[in-house]
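Please read the points below with the model open beside you.

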Amino acid sequence: VADDAGWNDVGYNGSEIHTPNIDWLAKNGVQLNRLYAAPTCSPSRASFFTGRPSSRMGIVAPISDKSNLTLPSDVTTLPQALHKQNYETALFGKWHLGLNPTSGPKAYGFDYSYGFLHGQIDQYSHEYKNGDPSWHRNGIFITEKGHVTDLVENEAITWLKTKRDPSKNFYIQLSYSAPHFPLQEEDKWKKPYLKTIKNNSRRDFAAAMSHLDYSIGQILKALKQQHLDKNTVIIFMSDNGAMDKWIPGNQYQGRHAANDVLGSNYPLRDWKTTNYEGAVRVPAIVYWKNKINRSLNNNYVSVTDLMPTILSLAGAKSIPPTVEGKNIWNSIVTNDSIPNQAIYIRGHLQESIIEKPWKLIRTRHKNSPTVFELFNIEKDAEEKENLLLAHPNVANKLKEDLEVQFNKDAKEVNLGIE
């Protein structure tokens, strides 16, 4: 899982950033060309781990600062469900679903965990933006030297080689901090872009993506060395679209300069935090050596669909009752269309519902009327033309469907309307 990598931040989507290992997965696997995530980090991760819209659990924005918000204890998570299939589970990197060790990965089914609890950290001091400790191994705060990308990679490889139980199947999640700010990359990662990217901030972002891509390549090598590559399914995705810029203010005691340019969602509209395509349509790939053929899959699928799909591959005969996503494995293998697929996404700024080829976005305001927008995202991926008045029947149906979904959400959410 990349953190804040945009649609145009991977080579296979035409980026100027070099991502040869991610591109290799795309070339040899199934590109999920319309995988929809949430507009921000915590909601996407909550949906991934539970197979349901994060808004059902009151998580519609990043869990930040001193928040006590966590995943609910009465919902079965992906790692908990995998335990029933005798899987060993490990998380390396970002958690962002509980900022204290007591509500960390172990509490929700991970046998082994290493990385950071918060949403963003200094890549070298490993502290949260307000100075709180975040770096841990199995819920115990530790102090280590090194860049987060390298540390996450090394720990995952060590676990694969020496720490896992070889008698069990495994599920591991590598949740990188890259390319999320603060951008702190060595010159060797920036060097390939000195002539091609003039903006220093964008160059630093590209360096973070290159570092991430190299790390993924090292993981792929380790799987091959351990003779695990033939029976390991690999999923790559970003948790949400890219941000345009970062103004740190007093974060990290003012150690980091502002970034005037970060990621790119081109040609998709807008940035992280909105419900436009640039925020919620993310690069995603599924690869399984010699088991699935390369293809471009244009089905509309949701991050909520990944949990039931993974569980089906793991041999689960039933799916936890709280899961709302669908098992999409047959579509991944055959590229057959998925009928009646509706995708509901609620962020802290907007809500949307997608029913191919239509997407309705609702923007609520405290002191002004609610605004609706309707787009045909098959013909208008850039969401330039609001067709609300031209297609009133479609708009009214989607408004009704949106309201049904909205009424299923938790009554209290973690950030109000702006």
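1. Apart from neighbours within four places in sequence, Asp9 is in contact (heavy atoms within 4.5 Å) with Asp4, Ser15, Ile17, Thr19, Arg202, Phe205, Met209, Ala242, Gly263 and Ser264. Asp9 itself belongs to the segment before helix H1 (20-28). Helices (H or I, at least four residues) and strands (E, at least two) are DSSP runs, numbered from the N terminus. The relative accessibility of Asp9 is 0%, so Asp9 counts as buried. Buried means under 20% relative accessible area, exposed over 50%, and partly exposed in between, with a 1.4 Å probe and protein chains only.

2. This is a predicted model, in which local features need pLDDT of at least 70 and side-chain atom pairs count only at pLDDT 80 or more, while totals for chains, interfaces and linings use all residues. Residues are numbered from 1 along each chain as its sequence is written, and side-chain values use heavy atoms, with hydrogens and water left out.

3. Which backbone nitrogens does the side chain of Asp9 reach? A polar atom of that side chain lies 2.7 Å from the backbone nitrogen of Gly6, and the side chain reaches the backbone nitrogen of Ser264 at 3.1 Å. A polar contact is a pair of N or O atoms within 3.5 Å; within protein, one must be able to donate a hydrogen and the other to accept it, and residues adjacent in sequence count only if both atoms are side-chain atoms.

4. In helix H6 (200-225), 21 of the 26 residues are buried. At 1.5 Å a residue, H6 should span 38 Å, and its end C-alpha atoms are 37 Å apart, which agrees. The expected span is 1.5 Å times one less than the number of residues. At the start of H6, a side-chain oxygen of Asn199 comes to within 2.9 Å of the backbone nitrogen of Ser201. Just after H6, His227 has a positive phi of about 60°.

5. H6 is also part of what covers the buried residues of helix H4 (148-163), along with elements including strands S2, S3, S4 and S6. Among those buried residues of H4 are Val148, Leu151, Glu153, Trp159 and Leu160.

6. Five strands form an open sheet of mixed pairing, in the order S5-S4-S3-S2-S6. Strands S5 (140-141) and S6 are the edges, each pairing on one side only. Two strands pair if DSSP finds at least two bridges between them. S2 and S6 run parallel and are joined by seven bridges. Leu91 stands opposite Gln173 in S6.

7. How many aromatic pairs are there? The count comes to 17, where rings of Phe, Tyr and Trp (its six-membered ring) pair if their centres lie within 6.5 Å; planes under 30 degrees apart count as stacked, over 60 as edge-to-face and the rest as tilted. Phe92 and Tyr112 form a tilted pair, with 6.0 Å centre to centre and 45° between the planes. Phe92 lies in strand S2 and Tyr112 in strand S3, so this pair ties together parts that are 20 residues apart in sequence. Both Phe92 and Tyr112 are buried.

8. Helix H8 (306-313) has six of its eight residues buried. What covers them includes helix H2 (41-50), strand S7 (234-237) and helix H9 (329-334). After H8 comes Gly315, with a positive phi near 95°.
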